[in-house]
Amino acid sequence: MSEEQIAASVERRALRFDPERFQGEYPVVVEGLVNRFDGIAVHEGLDLKVRRGEVLGVVGGSGTGKSVLMRSIIGLQVPDEGQIEVLGHKVTDLAEGSQADIRSRWGVLFQGGALFSTLTVGENVEVPLREFYPEIEPELRHEIARYKVRLSGLPEDAASKFPSELSGGMKKRAGLARALALDPELLFLDEPTAGLDPVGAAAFDRLTRELADVLGLTVFLITHDLDTLYEICDRVAVLADRKVIAVGTIPELLALDHPWIQEYFNGPRGRAAKASQERAKAMDKPAGGKA
Ligand SMILES: Nc1ncnc2c1ncn2[C@@H]1O[C@H](COP(=O)(O)OP(=O)(O)OP(=O)(O)O)[C@@H](O)[C@H]1O
Ligand SMILES: [Mg+2]
């Protein structure tokens, strides 16, 4: 498929559902973002646009401010300067009431998972439902939660388990189920495959891509995982020098001669991830190699 065809198919997927959903081109627009802690700038004039329907990978060295960027976009971190627009609303100057409204249109999986340890998985998924739709009858709410648990690839009985009874990979899926509780348009994932074994990480990646495609989600995905970038991301944004220094497909990024980008994608791990993706592609091709 050509890039244009891919863009058109992403567009169709993103528009297939609720016509009340965001119709603009960029569900997230960050302009001139500045964040400082104790006088030290983490972001200094950062700009970023996320396209509707894409899975955008966000990479950068540890401490470059990926999580702070995500927290700024979802309104948990008030920036020192700059404008942030999400789904057509300026989150940087929203009144309390309308903030609640917009918060119900995105789902978040935090870096640590952040499940409530005293609640079962099902109850965790019900938390946002209780907050935003208190009128829903308990029976229906349980039903929705069970559905989201299944959608995240967990067995049905996981809903009645406590987080401490789950493996790391299952906890991530439980966190994903909670992020999907309100049928979001936007999904924020902060290092979703960190700490998973390669098989578990690959399965989580496939699930993310599948959900993005089937549900028409736009995904903001922070990751260090090169396989994830190659396998499921449409574009990648690179954080360095307190800014987003580049956004594009991996081949586009490779054409740039920024030292961090070259080191990251062309280092031994980057080459291994690329080779593994090429092998997978070759296996998908019909015999004779003419795809
Ligand atoms: N609430 C806070 N108070 C003070 N400093 C903070 C706060 N939050 C983040 N920082 C600092 O901002 C910088 C960026 O942090 P952030 O968590 O966004 O990094 P990151 O890119 O997500 O790193 P990692 O890949 O390790 O998760 C770090 O130096 C961190 O110490
Ligand atoms: Mg982080």
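Which residues point one way from E7, and which the other way? In this predicted model, Leu186, Phe188 and Asp190 point one way from E7, whereas Leu187 and Leu189 point the other way. Such a pattern accords with a general rule: in a regular strand, side chains alternate between the two faces of the sheet. The residues on both sides of E7 are buried. Strand E7 spans residues 186–190 and is mostly covered, with 5 of its 5 residues buried.

The pairing of E7 involves strands E6 and E8. Strand E6, comprising residues 106–109, pairs with E7 in the parallel sense over 4 bridges. Within this pairing, Leu189 of E7 is the bridge partner of Leu109. Strand E8, comprising residues 218–222, also runs parallel to E7 and is joined to it by 5 bridges. Here Leu187 has Val219 in E8 as its bridge partner. Between E7 and E8 the chain passes through helix H7, residues 198–215, in a β-α-β crossover that is right-handed.

A further set of residues forms the shell around ligand 1. The ligand is surrounded by Phe37, Val42, Gly60, Ser62, Gly63, Thr64, Gly65, Lys66, Ser67, Val68 and Gln111. Helix H2, spanning residues 66–73, provides the largest share of this shell, namely 3 residues. By residue class, the shell around ligand 1 contains 7 polar, 3 nonpolar and 1 charged residues.

Note on methods. Residues numbered from 1 in each chain as written. Chains lettered and ligands numbered in written order. Predicted model: local features only at pLDDT ≥ 70, side-chain atom pairs only at ≥ 80, totals over all residues. Buried ≥ 20, exposed ≤ 12 C-beta atoms within 10 Å, placed from the backbone. Helix = DSSP H or I, 4+ residues; strand = E, 2+ residues; numbered from the N terminus. Pairing = 2+ DSSP bridges. Right-handed = clockwise from strand over helix to strand, strands pointing away. Near = placed C-beta within 6 Å. Nonpolar A, V, L, I, M, F, W, Y, C, P; charged D, E, K, R; others polar.
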